[in-house]
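Dear colleague,

I am handing over the structure we spoke about, with a summary of what turned up in it. Please keep the model open beside you as you read.

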Amino acid sequence: MISVMTSKVEKISSFNLEKIPTSGIVALLFVFILGVYWASPVVTVTDSLWNLYVAASIIQEKNTNLDEYKHHIDLEDDVRVISSKGHIYSNYPIATPIISAPFVWAADHYFSYRNSEDFFTYLRKHKPDVVTGRLEKNIASVIAALSAIPIYLIGYSVSLNRKQAIILTLLFAFATSMWSTASRAMWQHGPSVLFLSIALLLTVLAQKDEKIISYAGFFIATAYVIRPNNSLSVILTSLYVLINHRKYFVHYLLTAGIVAIPFIVSNWITYEAILPPYFFQLFNKLAATPAGFFEAFAGTMISPARGLFIFTPLYLFAIYGIYIEFKNGSFTLYDLQTYLLAIIIGHWLVVSSFADWDGSWSIGPRYFVDITPYLFFFIIPVFRDYQRIFSNKTLKYAFVSLAVASTLIQFRCATSIYPFLWNSYPVTYPDGATYRDWDWSDLQFLRGLCSDDAEKGQAPGCWF
């Protein structure tokens, strides 16, 4: 698929991409990526099951509880909900349903036009089903497609030409878990990547126009409210701003406060705490033994079921990009690269400390979706030094091969339900059996390719 996209880019290069308005390139990229995401049929609704219901409650009831849907909910067995002060709430951060609310409002108007009842009535009558799952996937696809736009703008504003920035963006959209995970349901990951990408873009642009950094506070704070794992991004980005843009640091904090203050007030009213329960559960996830940590430390990178480099081997060139930046002396206290690398390594260490480092019911390295923008930032140097690097045929063929392999893996997981069903057989997650994370005879993205039993046949084991 990458080769096809590359050839198309080559054909249109004669029109001189540099003369096309940035808005036109951005619009075309968004429409193309969104079209592919929408056309990809797999839906992976799990943790996000009640997301649309919370969004509907925000619109109709002007609150975030799920009391009006209690007849759908099993409070004893459903870990996705909790009780507080006599009300039922989603156990997950409220930011994602808030982001979903405008889409649910629009869906209600469309639903009312096509059916005899509105969408809110439908939700009251029905538990989460195919209809809600499809809508959730479509909303997630919009968010994920939007996330690709800052990546294009970052690449083009840093040093890449239009063609290179377009290829970088397409790889971001289709060679990573943005396709197989972030766009398949309203997980926290899609909105998280969107706001982290925008914050990164503003941070990059602030190197030329310093006052822009003020607005990054809003987006980095929102990223944390969406997903607490982004605390490292908050801390290290703020440290970077303090050191490099001290003149605007107060402005940065003020825009962050636009998000932080309502967040804290809402939590105090609902839970009588400055943070909701979900934000504390990270401490309950810690692995019990050093052996568990070291297994996770390796597993998050190279395990056949959850390894970052197994599902997106193209990330090996992010390591090469880090090497290039190191040679260029770009890791001083004043360089953005230093802080981004620290976030990546810190994130790796934190995720490796989780007992459920494999992400339970999911596809591939789900816990690493959030740092996708940072990993791709380090692929930019590879494109920047394209002529020098790719004059080496070995590197050139390695890059193309890894890009194609990464895209095919994501394509498989986004278009076939069997890789997702891998989670249910032979042992259902999250019941344990971590040996499955290391089973090379049962690769998740190959599930469904056994002729005898597509659902349970374990490939490549079944081929032999």
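This is a predicted model: local features need pLDDT of at least 70, side-chain atom pairs count only at pLDDT 80 or more; totals for chains, interfaces and linings use all residues.

Ser360 has a relative accessible area of 15%, and because anything under 20% is classed as buried, this residue counts as buried. Its place is in the loop between helix H17 (336–352) and H18, and its phi is near 55 degrees, a positive value in a residue other than glycine.

The peptide bond that runs from Tyr425 to Pro426 is cis, with omega near 5 degrees, and Pro426 belongs to the segment after helix H22 (418–421). Ala459 and Pro460 are also joined by a cis peptide bond, for which omega is about 10 degrees, and Pro460 lies in the segment after H22 as well.

Turning to the charged side chains, the search of the whole structure finds 11 salt bridges, and I describe some of them here. Glu325 pairs with Arg384 in a salt bridge whose closest N and O atoms are 2.8 Å apart. This pair links distant parts of the chain, since Glu325 sits in helix H16 (residues 316–327) and Arg384 in helix H19 (residues 380–384), 59 residues apart. Which of the two classes, buried or partly exposed, applies to each partner? Glu325 is buried, with a relative accessible area of 3%, whereas Arg384, at 30% relative accessibility, counts as partly exposed. Through salt bridges that share partners, Glu325, Arg384, Asp385 and Arg388 are joined into one network.

A second bridge that links distant parts of the chain is the one between the side chains of Glu61 and Arg124 (3.0 Å, N to O). Glu61 is in the loop between helix H3 (51–60) and strand S1 (81–84), while Arg124 is in helix H5 (residues 119–125), 63 residues apart. Glu61 has a relative accessibility of 36% and therefore counts as partly exposed, and Arg124, at 31%, is also partly exposed. The side chains of Lys125 and Glu117 meet in a salt bridge too (3.0 Å, N to O); here Lys125 is exposed, with a relative accessible area of 55%.

Thr372 deserves a look in the viewer. This residue is placed in helix H18 (residues 372–377) and, at 1% relative accessibility, counts as buried. What does Thr372 touch, once residues up to four places away in sequence are not counted? The contacts are Phe172, Thr176, Met178 and Tyr315.

Finally, there is the question of open space. The largest pocket has a volume of about 700 Å³, and of the 33 residues that line this pocket, the closest to its centre are Asp47, Val79, Arg80, Tyr92 and Arg366. Sorted by class, the lining of the largest pocket has 13 nonpolar, 12 polar and eight charged residues.

With best regards

Definitions and conventions. Residues are numbered from 1 along each chain as its sequence is written. Side-chain values use heavy atoms; hydrogens and water are left out. On a 1 Å grid over the protein atoms alone, a cavity is a set of points where a 1.4 Å probe fits but cannot get out, and a pocket is an open set with protein on both sides within 12 Å along at least five of seven lines; lining residues have an atom within 4 Å of a point. Grid points are joined across faces, edges and corners, and a volume is the space filled by probe spheres set on the points. Ala, Val, Leu, Ile, Met, Phe, Trp, Tyr, Cys and Pro count as nonpolar, Asp, Glu, Lys and Arg as charged, and the others, Gly among them, as polar. A salt bridge is a side-chain nitrogen of Lys or Arg within 4 Å of a carboxyl oxygen of Asp or Glu. Helices (H or I, at least four residues) and strands (E, at least two) are DSSP runs, numbered from the N terminus. Buried means under 20% relative accessible area, exposed over 50%, partly exposed in between (1.4 Å probe, protein chains only). Contact means heavy atoms within 4.5 Å.
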